[in-house]
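Let's take a walk through this protein together, from its helices to its open spaces. Keep the structure at hand as you read.

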Amino acid sequence: MKLRWIGSVLLSAAAYYVYLPLPTGVSEPWKLMLLDALFRSCMHVGDMAHALGVCHRVSLINQVVSWVEVIEPRSCPSVDVSDILLGGVPTRVFQPIGGQKLKRGVVYFHGGGWALASGRMRSYDLLSRKMAEDLDAVIMSVDYRLAPEVVFPGQYEDALAASRAFLSAGVRERYGLDPQRLCVSGDSAGGNLAAAVAQELAQDATLEVRFKAQALVYPVLQALDFHTASYQQNHDVPILYRPVMARFWLQYLGADPALEPLLLANNHSSLDQGGLPPAVRPKLDWTALLPAGRRKHYRPVVRATGSPGVVEAVPALTDARAAPLLAEQAVLARTPRAYVMTCEFDVLRDDGLMYARRLRDAGVEVTGDHHEDGFHGCMVFAYPPVSSAVGRRSMDNYIRWLDQNL
């Protein structure tokens with residue numbers, strides 16, 4: 001009887017920890033709750049280790065991820081898998097066996113807030129393998145350096161170096177890449193890097209070969225407004241909470257973690273911020289860039305007075321290499337055709353929607369792929385044991401677009 005009582009208490013406690021009220025319409029809510037409980041547990045353990053001085057919170061989480069998720073390169077009858085250095089950056093290559101002599105090619109940057117994950121994780125390995133098989137394409141999944149050991153512009157420079165090498169004659173010849181059918185892509189923080197690389201290389205007149213396409217999956221593109229409609233709507237929707245995104249940004253930019261409350265209050269983008277040029281604000285004015293159906297009843301949060309000197313202390317907040325949404329229209333106009341995936345229940349939804357709008361306004365051909373039941377990170381949850389319907393659907397849509405446009 002006593003054991004039953006203890007079991008009931010433990011089961012109730014577990015259910016209390018796992019259960020989270022979710023918006024109506026989110027895909028498979030109980031699966032998302034379980035995923036969130038797992039991520040929250042890892043974050044809590046990391047926070048405790050950080051507080052005790054054992055190690056940085058992110059370092060511990062990455063060690064756990066490496067132990068659980070990172071796998072060795074394993075070839076199969078249809079795809080040869082190997083680890084190489086691409087422009088000096090560790091990269092996993094998925095090369096289809098047979099098929100066309102000249103292959104399509106995709107260079108891919110994983111997500112994880114510029115601080116977590118790896119292209120060698122099982123989820124990204126499976127994604128890249130499926131892309132290679134379905135597209136008869138060479139996929140190069142890049143393991144750029146991570147925060148906190150490396151901060152901006154380190155991750156961007158790794159992504160740029162790998163992309164330049166990917167486009168080079170030597171790599172194209174070695175892997176049989178078709179110079180007319182190359183794409184840069186990534187999800188979340190990797191989508192940020194892909195967008196920034198697409199902008200930079202589109203302006204490089206010395207390149208003989210350019211990207212034909214950019215495919216951005218729920219990208220993070222700006223850190224000046226943490227009160228867009230999607231940040232307000234989804235601030236407490238897993239798996240990416242608003243404070244967590246602010247923390248990732250501060251880690252990436254090498255800024256003081258104590259600035260987190262200022263970012264969350266939009267004090268860093270107040271009207272009295274001397275380091276914020278007036279020309280920046282229209283580039284992220286979601287009241288003008290979003291359709292009414294996405295703005296809903298939400299109102300912008302623009303402080304008349306805030307915390308002076310934040311932008312001067314963290315100049316990368318307005319650097320388009322870190323925040324591609326802030327690029328000039330002339331730069332956007334040179335970038336290749338784009339695919340932008342967004343999810344309704346994602347704080348970053350409006351980053352992607354605003355970027356798609358700005359690209360269209362600049363004359364770029366854009367395909368928007370919005371998932372009304374999607375949540376942040378859903379595409380990498382397309383396989384067991386954490387597979388979801390929206391994960392499989394979003395991955396299929398993404399690969400289908402690549403097939404039709406590359």
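Helices (H or I, at least four residues) and strands (E, at least two) are DSSP runs, numbered from the N terminus. With that in mind, you can find Ser230 in helix H8, residues 229-233. Before going further, please note that this is a predicted model, in which local features need pLDDT of at least 70 and side-chain atom pairs count only at pLDDT 80 or more, while totals for chains, interfaces and linings use all residues. Residues are numbered from 1 along each chain as its sequence is written, and side-chain values use heavy atoms, with hydrogens and water left out.

Is Ser230 buried or exposed? Its relative accessible area is 0%, so Ser230 is buried; the word means under 20% relative accessible area, with exposed over 50% and partly exposed in between (1.4 Å probe, protein chains only). Contact here means heavy atoms within 4.5 Å. Leaving aside neighbours within four places in sequence, Ser230 is in contact with His235 and with Asp346, Val347, Leu348, Arg349 and Asp350.

Phe345 sits in strand E7, residues 337-345, and is buried, with a relative accessible area of 8%. From Phe345 to Met131 there are 214 residues in sequence and 26 Å in space, C-alpha to C-alpha. Thr367, in strand E8 (residues 366-375), has a relative accessible area of 28% and is therefore partly exposed. Although Thr367 and Arg337 are 30 residues apart in sequence, their C-alpha atoms are 8.3 Å apart in space. Not counting residues up to four places away in sequence, Thr367 touches Ala338, Tyr339, Val340, Arg360 and Trp401.

Now turn to the interior. In soluble globular proteins, nonpolar side chains tend to be buried together. A nonpolar core is a set of buried Ala, Val, Leu, Ile, Met, Phe, Trp, Tyr and Cys residues joined through side-chain atoms within 4.5 Å. The largest one here has 137 residues, and those with the most contacts inside it are Leu86, Trp249 and Tyr398. Helix H7 provides the largest share of this core, eight residues. Of the 14 residues in H7, 13 are buried, leaving the helix mostly covered.

Nine of the 11 residues of H9 are buried, among them Arg242, Val244, Phe248 and Trp249. The elements covering these buried residues include H2, H3, helix H5 (154-167), H7, H8 and helix H10 (260-264). Beyond its neighbours within four places in sequence, Trp249 is in contact with residues including Trp114, Asn192, Val220 and Phe226. After H9 comes Gly254, whose phi is positive, near 65°.

Grid points are joined across faces, edges and corners, and a volume is the space filled by probe spheres set on the points.

By this rule there is one cavity of 30 Å³ or more, and the largest cavity holds about 50 Å³ of space. Its lining consists of Met43, Arg57, Val58, Ile61, Leu116, Val244, Arg247, Phe248 and Gln251. H9 gives the most to this lining, with four residues.

The largest pocket has a volume of about 1,200 Å³. Of its 42 lining residues, the closest to the centre are Phe39, Val65, Leu116, Ile239 and Phe381. Helix H2 (29-51), H3, helix H4 (122-135) and H9 are the elements that give two or more residues to this lining, with H2 giving the most, nine residues. The second largest pocket holds about 220 Å³ of space. Its lining has 14 residues, of which Asp225, Arg281, Leu284, Asp285 and Val302 lie nearest its centre.

How values were computed
1 Å grid on protein atoms, 1.4 Å probe; cavity = no way out; pocket = protein on both sides within 12 Å on 5 of 7 lines; lining within 4 Å.
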